[in-house]
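Me: I have a model open on my screen and would like to learn how to read it. Could you take me through it, feature by feature?

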Amino acid sequence: MKALEEKILAEGEVLPGGVLKVGSFLNQQIDIDFLMAMGEDIADAFKDDGVTKVLTVEASGIAFAVAAAFYLKVPVTFAKKNKTSNVSSEVYSVPVESFTHGKTYEIMLPKEYIKPDDRILIVDDFLACGNAIKGLCKIVKDAGACVVGAASAVEKGFQGGGDELRRQGMHIHSLAIVESMEDGKIVFRNN
């Protein structure tokens, strides 16, 4: 999505440790019109896959997942990173290492929110090493449901997660793929 690449170049910031900050429009502050355009692009890419539910991990992927789900006209659900008193005791869970936060979370999804007949689209704001997507795939598999693919707003191609998932046969749709961020200069992959 050329418009996303341009927005990243204009508003994104490369931080130490391979972190791309896009908080001014995608995370801490959200450009709603732009978010909805990204959601429409994702929905268009998966419109023929019979998606019944969109799945993400809290928290920064939720808005993007909601935008995609809006255009697909399906519910969105998310795995939590911490058990709270309002989470049922019957959950699917899996450990997931977060590149950005540098820690491992035990993500969990109540069993009542995913059924064996669901066709799940996994959506997240970033795809780096692919750990969140792999963890969510494990939850979907444990539930007996089907993953139709995964989508990300920004894929960090230099970290290889998306390419690995593609080699495994997963349909991955990323709106912008960052090939490198050396010396603070962002270079996109030509698709």
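Reply: Happy to. Let's start at strand β3 (residues 53-57), which is joined to β7 by 3 bridges, the two running parallel. In that pairing, lysine 53 stands opposite isoleucine 120 of β7. Strands here are DSSP runs of E, at least two residues long, and helices are runs of H or I of at least four, numbered from the N terminus. One caution: this is a predicted model, in which local features need pLDDT of at least 70 and side-chain atom pairs count only at pLDDT 80 or more, while totals for chains, interfaces and linings use all residues. Residues are numbered from 1 along each chain as its sequence is written, and side-chain values use heavy atoms, leaving out hydrogens and water.

Me: What is the strand order of the open sheet, and which are its edge strands?

Reply: In general, strands of a sheet pair through backbone hydrogen bonds, either parallel or antiparallel. Two strands count as paired if DSSP finds at least two bridges between them. Here 6 strands form an open sheet in the order β4-β3-β7-β8-β9-β10, with mixed pairing. β4 (76-79) and β10 are the edge strands, each pairing on one side only.

Me: Which strands does β8 join by bridges?

Reply: Strand β7 (residues 119-127) runs parallel to β8 and is joined to it by 8 bridges; isoleucine 120 stands opposite valine 147 there. The chain gets from β7 to β8 through helix α4 (residues 131-142), in a right-handed β-α-β crossover. Right-handed means that, with the strands pointing away from the viewer, the path from the first strand over the helix to the second runs clockwise. β8 also runs parallel to β9 (residues 172-180), with 6 bridges, and alanine 150 has isoleucine 172 of β9 as its bridge partner. Together with helix α5 (residues 161-167), β8 and β9 make a right-handed β-α-β unit.

Me: Is β8 mostly covered or mostly uncovered?

Reply: Call a residue buried under 20% relative accessible area, exposed over 50%, and partly exposed in between (1.4 Å probe, protein chains only). In β8 (residues 146-156), 9 of the 11 residues are buried, so the strand is mostly covered.

Me: How should I read helix α1, and why do its buried residues line one face?

Reply: Start with Leu4, Glu5, Lys7 and Ile8, the buried residues of α1 (residues 2-11). Seen down the helix axis, they fall within an arc of 165 degrees, so they line one face; the arc is that of the directions from the axis to the C-beta atoms. Lys2, Leu9 and Ala10 are exposed on the other side. Contact means heavy atoms within 4.5 Å, and the buried residues of α1 pack against β2 (19-21), α2 (32-45), β8, β9 and β10 (187-188).

Me: Which residues touch the most other members of the largest nonpolar core?

Reply: A nonpolar core is a set of buried Ala, Val, Leu, Ile, Met, Phe, Trp, Tyr and Cys residues joined through side-chain atoms within 4.5 Å. The largest has 34 residues, and those touching the most other members are Leu4, Ile8, Leu20, Met38, Ile42, Leu121 and Val123. α3 (62-72) is among the elements that each supply at least two residues, and α3 gives the most, with 6. A second, separate core of 24 residues includes Val94, Ile107, Leu136 and Ala145.

Me: Which residues of α3 are buried?

Reply: Those are Phe64, Ala65, Ala67, Ala68, Ala69 and Leu72, and they pack against α2, β3, β4, β7, β8 and β9.
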